[in-house]
2 protein chains.
Amino acid sequence: MSAQQLYEQIRRKKSFLCVGLDSDMQKLPAHLRRERYPMLAFNRAIVDATAPYSVAFKPNLAFYEACGADGWVQLEETVRYIRLRYPHMLIIADAKRGDIGNTSRLYAEAFFKKMEVDAVTLSPYMGRDTVQPFLEYAGKWAVLLALTSNPSASDFELTAGADGKMLYERVLETSMRWGTPDNTMYVVGATQARMLSDIRRIAPEHFLLVPGVGEQGGSLEEVAKNGMNSRCGLLVNSSRAIIFADGGENFAAAAGQKAREMQEQMSACLPAE
Amino acid sequence: MSAQQLYEQIRRKKSFLCVGLDSDMQKLPAHLRRERYPMLAFNRAIVDATAPYSVAFKPNLAFYEACGADGWVQLEETVRYIRLRYPHMLIIADAKRGDIGNTSRLYAEAFFKKMEVDAVTLSPYMGRDTVQPFLEYAGKWAVLLALTSNPSASDFELTAGADGKMLYERVLETSMRWGTPDNTMYVVGATQARMLSDIRRIAPEHFLLVPGVGEQGGSLEEVAKNGMNSRCGLLVNSSRAIIFADGGENFAAAAGQKAREMQEQMSACLPAE
């Protein structure tokens, strides 16, 4: 999916919502746990209920790997389901992978050819070799960790270099030379909203994927004010607040309702046509 | 597996060899590709042939994920096979994971409880939150990327901070406070052998996992000279040079022979009893 196509979806749906499919087996509604593939059944219902209000889905792989090969099957089938029924939806594998050489090429193949997602989150620690193979697929995206919302972001991301720049700023500036705003996005935590405007200055055109609105304390208005560019340039992720809005049989309708509320808030934040 | 147990294995086998199970489906001997689970058949034979000369096995997950759920099954079964037949072998999942909060806890659970490996490689970019859940399992190991052997290690790992320390030095010094030499190891690329002595000064007691001896140009003697501590403190990984020593029906015997040669070289490097 190209940036142009993604912008079209955002305009059409008046939404920049990414629904995080963090479908923790332990938290699924009780009636689904009897299914052969509980996470898949859950995801299908969540996807159908929230697709009208969102432009992207983001499964975090930890929740699937925790179930071993069985979890991997449910991830693959979830992606296939979205791909077939909602072909204009961006699918982001939140895998935070990062390896080098032929290993990195294989990861890119696993996600882009075998699983057919549109985007993969990557850790930049080992530098360009980690990212390059992901940039070689037309219409696909590398989503690099830049500044995350966790407390220990201060351990390394927020440490200053000899030139006064913080590590996350160096990651942004350096990696912007590897790809383009058409194949590179950045993860920026919502709790760092005051830093979003700095990041937007460094990367005026790139999409920023912002997790943690809602659950982790960031406010949508603040994120939009500091992070939006003239065409939007934001994907705001919400996981638990949507998918676990109701823990019982009504889970899908509740998720749809919650996604709709977020879409309405987002609609008010978007630049006028 | 405790550090003490690992040291005992090193002493007993006179080897600090880690065999990398980078069992690339495309490179397997032709006669194995007809099997239902070719990577598993390959791994079993490689494990049996090389176990007498090695103390650890390290599957890199990219090679398994490239085959989807089918690959994951073969990874799980490989681990189970080693666990049952060679209970004193350290198994390192080379996953280079790195996530935060409940996601990181789930990854730790996936690898340590579901799959029962002993160690997982982790990317330190997001700081302590990424690593902490892995340190909470007794007898298990977090193996942090410190200084890798790829060309673009210079993008970030080798950039200097305001205090003059390079990022990989900061990663070492900071993360050494999170755990102990009994639950934390570091990945240090063999092409950086001249830096191994610096790293050994910073972390005198920790195990260093050194990939890239052989394939990527580092020499075993230099690695041992610069990286060994009084009890050894090294695991040197070799993948392709061993597992693909012969591409035909003789692959297992050739791998065993190659592992034996490396063990003999290692024996000569080890400190006297």
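Predicted model: local features only at pLDDT ≥ 70, side-chain atom pairs only at ≥ 80, totals over all residues.
Let's begin with the strands. In chain A, 8 strands close into a barrel, and their order is simply β1-β2-β3-β4-β5-β6-β7-β8. The pairing in this barrel is parallel, and from one strand to the next the twist averages 30°. For a look at one pair in detail, take strand β1 (residues 17–20) of chain A and strand β2 (residues 56–58) of chain A: they run parallel and are joined by 3 bridges.

Ala119(B) has Trp141(B) of β5(B) as its bridge partner. As background, strands of a sheet pair through backbone hydrogen bonds, either parallel or antiparallel.

In chain A, helix α7 (residues 167–175) lies across β5 (141–147) and β6 (184–188), and runs at about 155° to β5(A). Helix α9 (residues 220–227) of chain A also packs on the sheet, where it touches β7 (207–210) and β8 (234–238) of chain A. The direction of α9(A) makes about 160° with that of β8(A).

Helices also pack on one another. In chain A, helix α2 (residues 38–50) and helix α11 (residues 251–269) cross at roughly 35°, and their axes come within 8 Å. The crossing of α2(A) past α11(A) is right-handed. On the α2(A) side, the contact is made by Ala45(A), Ile46(A), Ala49(A) and Thr50(A); α11(A) brings in Ala252(A), Ala253(A), Ala255(A), Gly256(A) and Ala259(A). Sorted by class, that contact has 7 nonpolar and 2 polar residues, with no charged residues.

In chain B, helix α8 (residues 193–202) and helix α9 (residues 220–227) pack with their axes 8 Å apart, at an angle of about 20°. So α8(B) is roughly parallel to α9(B). This crossing is right-handed as well. From α8(B), the residues making the contact are Ala193(B), Leu196(B), Ser197(B) and Arg200(B), and they meet Glu222(B), Val223(B), Asn226(B) and Gly227(B) of α9(B). The class count for this contact is 3 nonpolar, 3 polar and 2 charged residues.

Finally, how do the two chains fit together? Across the interface, 47 residues of chain B are in contact with 48 residues of chain A. Several elements of chain B each supply at least two residues of the side that touches chain A, among them α4 (68–85), β3 (90–97) and α7 (167–175). The largest share, 7 residues, comes from α5(B). By class, this side of chain B has 21 nonpolar, 14 polar and 12 charged residues. The copies meet through the same surface, because 100% of the interface residues of chain B are also interface residues in chain A.

Conventions. Residues numbered from 1 in each chain as written. Chains lettered and ligands numbered in written order. Axes fitted to C-alpha atoms, helices over the stretch in contact; angles between N-to-C directions. Helix = DSSP H or I, 4+ residues; strand = E, 2+ residues; numbered from the N terminus. Parallel < 35°, antiparallel > 145°, perpendicular 65-115°, else oblique. Left-handed = near helix turned anticlockwise from the far one by under 90°. Contact = placed C-beta atoms within 7 Å. Nonpolar A, V, L, I, M, F, W, Y, C, P; charged D, E, K, R; others polar. Pairing = 2+ DSSP bridges.
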